[in-house]
Amino acid sequence: MGAAFKKFCIRFCCCCCCEDDNEEDEKRHLLSHDTLEYFDREVKKRRDQETNLWNEPGDPSHSERDDDRTLYNLLQSRAQTQRGSQGYRRLSIDIEAMRDIRREVRDKWKMILENLGFMAEAESLLTVSATASYDRMRNAAVARSLLQTLHTETSIFSSKEPPPERYLFILDRLIYLDAAEDFVAKARRFYPPKDDDDDDDEEENTSLINLPLLLSRMNQNISGGEDEDDEGEATGPEE
């Protein structure tokens with residue numbers, strides 16, 4: 001009787017009787033477990049990129065570059081160490097030191113972008129997701145040439161190691177916006193190359209200069225700010 005009445009309503013009552021059931025079905029589909037899990041993974045990936053600024057963002061294993069592998073191993077070791085212990089604190093200092101170096105480079109890029117007039121767009125231009133693909137780049141060869149120029153003719157990067165691949169994607173965007181050459185010119189002006197002696201002095205003083213800041217951030221994280229980060233540290237490489 002119920003099924004027959006529902007068919008009658010569908011045929012003669014413009015589906016009014018079944019509207020509530022359809023809405024419930026639609027909600028169940030929109031809020032399915034798989035959908036929620038997908039969005040949760042995407043949020044964690046984005047938070048992971050923003051926090052660690054992986055130099056090879058398209059490498060889910062974080063093993064292709066030595067510096068990324070070092071940071072990843074530190075994160076994994078900390079995730080398996082008792083929170084608040086001396087070992088945990090030491091690992092936190094090392095992790096925060098590596099993140100600080102990466103943030104410093106990013107801040108340099110942001111300053112130049114804002115100086116070029118990209119005040120509102122700087123954050124978006126500097127965001128590189130884990131799905132970054134070389135196949136989608138418009139001017140990969142030119143971007144790589146400019147990246148090498150920045151590495152050898154400026155001090156915008158804080159290391160003599162190969163420049164981070166994440167900035168290759170950013171340069172590709174700037175080429176599309178016809179702003180890449182201006183960016184390189186500004187980088188040469190604001191961050192000229194340093195002498196070898198300057199580099200040695202900076203390496204010797206880095207730990208002394210940053211230690212109070214690192215300890216402060218570490219203590220804030222231990223008090224409860226790293227709960228979300230640790231969710232990703234205990235897991236293996238992204239699939």
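Modeller: pLDDT is the predictor's confidence in each residue, from 0 to 100. This is a predicted model, in which local features need pLDDT of at least 70 and side-chain atom pairs count only at pLDDT 80 or more, while totals for chains, interfaces and linings use all residues. Residues are numbered from 1 along each chain as its sequence is written, and side-chain values use heavy atoms, with hydrogens and water left out.

Biologist: What is the mean pLDDT of the chain?

Modeller: Of the residues in the chain, 68% reach 70 or more. The mean pLDDT of the chain is 80.

Biologist: Which helix has the highest mean pLDDT among the elements of the chain?

Modeller: Helices here are DSSP runs (H or I, at least four residues), numbered from the N terminus. The lowest mean pLDDT, 46, belongs to α11, residues 227–233. The highest, 98, belongs to α9.

Biologist: How many contacts beyond four places in sequence does the model have for residues 204–209?

Modeller: A contact means heavy atoms within 4.5 Å. Over residues 204–209 the pLDDT stays under 50.

Biologist: Why does the span of α7 agree with expectation?

Modeller: The expected span of a helix is 1.5 Å times one less than its number of residues. Since α7 has 14 residues, it should span 20 Å, and the distance between its end C-alpha atoms agrees because that too is 20 Å.

Biologist: Against which helices do the buried residues of α7 pack?

Modeller: Buried means under 20% relative accessible area, with a 1.4 Å probe and protein chains only. In α7 the buried residues are A143, L146, L147, T149, L150 and H151. Their packing partners are α5, α8 and α9.

Biologist: At roughly what angle do the axes of α5 and α9 cross?

Modeller: Axes are lines fitted to C-alpha atoms, for helices over the stretch in contact, and angles run from 0 to 180 degrees between N-to-C directions. The two axes come within 10 Å, and they cross at roughly 120°.

Technical notes:
Helices (H or I, at least four residues) and strands (E, at least two) are DSSP runs, numbered from the N terminus. Buried means under 20% relative accessible area, exposed over 50%, partly exposed in between (1.4 Å probe, protein chains only).
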